[in-house]
Structures are given as structure tokens and as C-alpha cells.
Amino acid sequence: MADPELEYRRTTPGSRALHEKAVAAMPGGTTRTTTYFDPYPLYIDRGEGSRVWDVDGTERLDMLGNYTAMILGHAHPKVVDAIRRQAGRGTAFAAANPLEVELATLLCGRVPSLDAVRFCNSGTEATMFAMRLARAFTGRSKIARIEGGYHGTHDLAEVSTHPDVAEAGPADAPVARPDSIGTPRWAIEQTVVLPFNNPDTAEAILRRHSSEVAAVILEPVIGAGGVIAATPEFLRRLRALTRELGMLLIFDEVISLRIAPGGAQEMYGVIPDLTTMGKIIGGGLPVAAFGGRADVMEMLDPRREGSIAQGGTYNGNPLGMAAGLATMTELTPDVYQELNRKGERVAELLREVFASHRVPVQVNSVGSLFALHFSERPVVDYRGVASSDKKRMRDFFLALVNHGVLMAPRGMGSLSTPMDEGDIDQFIDAVDATVAEQRPRWLDGT
């Protein structure tokens, strides 16, 4: 029976050598925790379209796209041309620039909740400022969030993203837990945790904290936490309740903006007060944004007395704006529709493959996003994710890398526009071969 780690070590000597060098300069040999996996991360040398090549020259189908950001694939000609053209004109100025106006106008025209928008450089910054705005606007200090949701790595975001279930309280009364040893106590005290897709319980919790909570922040489709779609009823109830209680509703659409031109809020028909964005809007460069209601966003207007300052050396930098504008211009409604059609086909084929091998797996999918959970029961919240088989997932991930496909170690994937039916067939064939190879080990418990 094939041990995927042994095969991975055998076929990636270049990555192993680079990692041994990297650990002398960077903790764990990488500057990004999510790119690390045991026994060492894969080091990618280049990408083109739906493909990436590692430092050993091995070609793989990229079913992750830099954690969903590369919606047009790698080195898209129009994005490359936009970056090259702007690089020759300058990459950053201590001034506003025309391209940020164009991209801001485009986003406000597409995303229903955006009366105005501000740019930053990461989803972490975007959610940090959205929460700050909510606290300033309402005069309240607490933020309510979903257990298992992901909103970046600032202090108030690092709460109950992946708690130990044994320490997180009952499913219908989750307890705020720190995500790391550096999460401050005050962040825990200022966080109210809600269960996902349980509107009655969420309402009861929010009513208990009605005078303290500034905003409810959530991903309408939980992305990094397992591609878990909110039920329409859950979002509608939160929208009505936050209006009633004077709280702001914040949609974190850093990932879910790729499922429709106006994001998940367009798909659900539920409009939040503030929206955070990232990933696809930068065209492969570090760009993020937050925006929403005019009366909330005007608190950032420097012409207003007592405005909130938002600094950032590279906020709205013309290079990122050029790449983002080129990408978003390519994403017409027809492009979204076709990409989502391919996503539905991939999800259907994945279910067929796992069923044919009699391996219980939940395939969660929304549009061009999908995630696999080795579980016998539907995964509709964090507790379902936490109870899935992590050993099988690790085996599956490494074996799939060995079979020429890159996904997230936690089983998340996304499609990009260059992918055709041949790419889909290659992916499904690789999954089929991987499951056939690993199933005997799983049945033996090895």
C-alpha cells in the first residue's frame, strides 16, 4: 500500500532542499502559515493558465488558485499586460491615482451594498477596518461572529475560527476561544460567538447582548472553513434582527465574491451594511477593500471633523489597481455563469467518484468553490468540519499532489476560467486514482 508521504519525498527533492535552506531564514521555512504542510511545503517556480510547475519542473493542475484568488488562472495575458504597462509608469506614489478611481467605481457598480469603498492590502486589514467602523458608528464595543468563520489574523479576528470542540461549549451555546497563544484576553471578552445556520439560537444570543454588539460579521459562504453555504433563512433572519437591534451586518466576501458579479449578497438577495473583499479584486496582487453604506463610510472622509484615519503605504497602489481592474473587467456575467456551471459539474463528478469507491465524503460546493469532508453526515457548520476524518484528508491531499493536482491541505478547491473539460477530466481521474490507491490503507486503519 502506497504511503503518500514517502512518494512525495521521493518526487520533490528540490522543494525539500529549498525548505532546508528556508528554515534558517523563516520560521517553518515559509512566510505564510497556510502554504506549509508536513513534511515540507511545495515550492512553486511558475504558473500559466490552470497549471503550475514546482522547482523540480513537475507540472500540476492548480485546483486551488492561490486560495481562490487566481480566478483567471496564472499569467493571464491581459493582466500581465496591465501590470507591465503600469510598472513602466511607476508602481507607487504618495498620491491618489486614476486607476483606484476606476476600480472603486467598478466595484460600487457591481456589489449591491457598496455606496462607497476604500482599498487596503489584505482581507485581514479589510475586516479590521470594517469592525472598527462598526464600533465607531454604533458606539458599541463587541463584535458577533460565526464559530468556524475566518476573517484574517488581527486580534479580533483570531477568535473561535478553529476551536477545540471540547473547550468551545455546546453547539447551541458556543464559547469564545482564542485561536493562538497571542490572542489577547480583551479580544475574547469583546467577541460574541454564534452557531452557523441556526437562526433561532443566533437570535437568542444576539438579543441577550443587544446593547453591546456593534456588528455581526460572517461569511455568507464560509470559505476557508469548508465551503459551507448559509441557508437563506439564516441570512434573512440576521438581516432583520440586526436592523431591529441597531447592529451593523458585515458580509466577509473576500472569497465569496467569486460566485456572482455582486458576490453572495447578490445570489441570496440579502444586502449587508458593510462588505469586505479581497482575493480576486487584486488580479493576483495584494489588494483588498471594504465598503458599504454611505452614512457609515463617510466616517472615513478626512473632510469630516473627527474622521477615522486609514493609512497604508500601498493602499490603492497603481500596480494592484491595474491588475485588479484588468481582472474584474474580464469577469462578465457570462464568465461567472460558465465558471459556476463547471463548478457544479466538478461537484457532481466528485460525488460519483467517492460513491463508486464506497468512501463516505461530503462534497460541499457553491459556484466555482468546493471542499471535501471525510464524513458520513452533511457538513453544515463548524462542528461538522471538526468531526471529519483529518487523517484521511492528509493522505488524500498528499496523494493527489503525487498524482499531479494541487488543492488545499484541508480539501478546499476552486476553479479558474482557463479550465476546460480536459482539465476537469484530469482532476476527476486523479481523484479516482488517489482514492483507489488510499482506500486499502484507510480500511486497514494505517
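## Getting oriented

Helices and strands here are DSSP runs, a helix having at least four residues and a strand at least two, and both are numbered from the N terminus. With that in hand, welcome to this structure, which is a predicted model.

Strand 1 (residues 44-48) pairs with strand 2 (residues 51-54) in the antiparallel sense, over 4 bridges. Across this pairing, Gly47 stands opposite Val52 in strand 2. The hairpin has 2 residues between its strands, and Gly49 in the turn has a positive phi of about 60°.

Next comes a sheet. Strands pair within a sheet through backbone hydrogen bonds, either parallel or antiparallel. Here, 7 strands form an open sheet with mixed pairing, in the order 4-12-11-10-7-5-6. From one strand to the next, the twist averages 20°.

The partner of strand 4 is strand 12 (residues 288-292): the two run antiparallel and are joined by 5 bridges. One of these pairs Val117 with Gly291 in strand 12. Helix 6 (residues 123-138) lies across strands 4, 5, 7, 10, 11 and 12, and runs at about 175° to strand 10.

Which residues touch the most other members of the largest nonpolar core? They are Leu350, Phe354, Phe396 and Phe427, in a core of 56 residues. Elements that each supply at least two residues to this core include helix 4 (77-87), strand 4, helix 15 (390-402) and helix 16 (421-444). Helix 13 gives the most, with 8 residues.

Setting aside neighbours within four places in sequence, Phe427 is in contact with Leu61, Met63, Val346, Leu350, Phe370, Leu400, Val405 and Met407. There is also a second, separate core of 38 residues, whose members include Ala230, Leu249, Val366 and Val379.

## A buried arginine

Arg239 belongs to helix 9 (residues 232-245). Is Arg239 buried or exposed? With a relative accessibility of 6%, Arg239 counts as buried. A polar contact of 2.9 Å links its side chain to that of Asp273. Apart from residues up to four places away in sequence, Arg239 touches Met247, Leu249, Val270, Ile271, Pro272 and Asp273. Leu249 was met above as a member of the second core.

How many disulfides are found in the whole structure? The search finds 0. A disulfide is a covalent bond between the sulfur atoms of two cysteines, and the cut-off used here is 2.5 Å between the sulfurs. The sulfur of Cys108 has its closest cysteine sulfur in Cys120, 14 Å away, so the gap is too far for a bond.

Cys108 counts as partly exposed, at 26% relative accessibility, whereas Cys120 counts as buried, at 1%.

Methods
Residues numbered from 1 in each chain as written. Predicted model: local features only at pLDDT ≥ 70, side-chain atom pairs only at ≥ 80, totals over all residues. Heavy atoms only, no water. Pairing = 2+ DSSP bridges. Buried < 20%, exposed > 50% of the residue type's maximum accessible area, 1.4 Å probe, protein only. Axes fitted to C-alpha atoms, helices over the stretch in contact; angles between N-to-C directions. Contact = heavy atoms within 4.5 Å. Core = buried A, V, L, I, M, F, W, Y, C linked by side-chain atoms within 4.5 Å. Polar contact = N/O pair within 3.5 Å; in protein donor to acceptor, adjacent residues only side chain to side chain.
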